[in-house]
Amino acid sequence: MSPADGVGLAVLAGQYAEQMQDAVLLASVAGMHSGIAYYRRRYDVAVAVFEEYPPDPPYLQARNAAYRARAYGRSGNAPAARAELALMHRC
């Protein structure tokens, strides 16, 4: 699978999640887009993508907090990274 395939899969998954209005699918798609941005070294986008989606359901709160924590860490925002790590531990 090429990087372009991953983006295409994320877009297709997002379309399906929007149609279904399923909170778990929407949060999973947010995580997919965050991961793509992170590995493209677009750490600000890796965090901001979550603002475009509803709040994480309990099932995905820790995982998506981990995604945000790593992006905050790479961007040098240690307080935000620590806050996300604390959220992970509360979940």
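View 1. Y38 is buried, with a relative accessible area of 14%. Here buried means under 20% relative accessible area, exposed means over 50%, and partly exposed covers what lies in between, using a 1.4 Å probe and protein chains only. This is a predicted model, in which local features need pLDDT of at least 70, side-chain atom pairs count only at pLDDT 80 or more, and totals for chains, interfaces and linings use all residues. Residues are numbered from 1 along each chain as its sequence is written, and side-chain values use heavy atoms, with hydrogens and water left out. A search of the whole structure turns up two aromatic pairs. A pair of aromatic rings is described by the distance of the centres and the angle of the planes. Rings of Phe, Tyr and Trp (its six-membered ring) pair if their centres lie within 6.5 Å; planes under 30 degrees apart count as stacked, over 60 as edge-to-face and the rest as tilted. Y39 is exposed, at a relative accessible area of 62%. Ring pairs join Y38, Y39 and Y43 into a cluster.

**View 2. The whole chain, for orientation.** The protein chain has five helices and zero strands, and its pattern along the sequence reads α-α-α-α-α. The radius of gyration is 13 Å, close to the 12 Å that the globule rule gives for 91 residues, so the protein chain is as compact as a globular protein of that length. That radius is taken over C-alpha atoms, and the globule rule is 2.2 Å times the number of residues to the power 0.38. Helices (H or I, at least four residues) and strands (E, at least two) are DSSP runs, numbered from the N terminus. Along its principal axes, the C-alpha trace spans about 35 × 30 × 20 Å. Buried residues account for 33% of the 91 residues.

**View 3. Two loop residues with positive phi.** Which loop holds Q21? Q21 sits between α1 (3-20) and α2 (23-39). Although Q21 is not a glycine, its phi is positive, at about 50°. Q21 is exposed, with a relative accessible area of 53%. R41 lies in the loop between α2 and α3. R41 is not a glycine either, yet has a positive phi of about 65°. R41 counts as exposed, at 67% relative accessibility.

View 4. M88 lies in helix α5 (residues 78-90) and is partly exposed, with a relative accessible area of 26%. Setting aside neighbours within four places in sequence, M88 is in contact with A62, A65 and A66; contact means heavy atoms within 4.5 Å. Follow the chain from M88 to A78 and you cover 10 residues in sequence, with the two C-alpha atoms 15 Å apart in space. E84 also has its place in helix α5. Is E84 buried or exposed? At 12% relative accessibility, E84 counts as buried. Not counting residues up to four places away in sequence, E84 touches A65, R68, A69 and Y72.

**View 5. E51 in its loop.** E51 is found in the loop between α3 (43-48) and α4 (58-75). With a relative accessible area of 69%, E51 is exposed. E51 and M20 are 31 residues apart along the chain, and 19 Å separates their C-alpha atoms.

**View 6. Q15 in helix α1.** Q15 has its place in helix α1 and is partly exposed, with a relative accessible area of 45%. Q15 and V29 are 14 residues apart along the chain, and their C-alpha atoms are separated by 9.5 Å.

View 7. The protein chain carries 9 positive and 8 negative side chains, and the centres of the two sets lie 11 Å apart. Lys and Arg count as positive and Asp and Glu as negative, while His and the chain ends are not counted. The place of a charge is taken as NZ of Lys, CZ of Arg, CG of Asp or CD of Glu. Among contacts between residues at least 6 apart in sequence, 44% join residues at least 24 apart.
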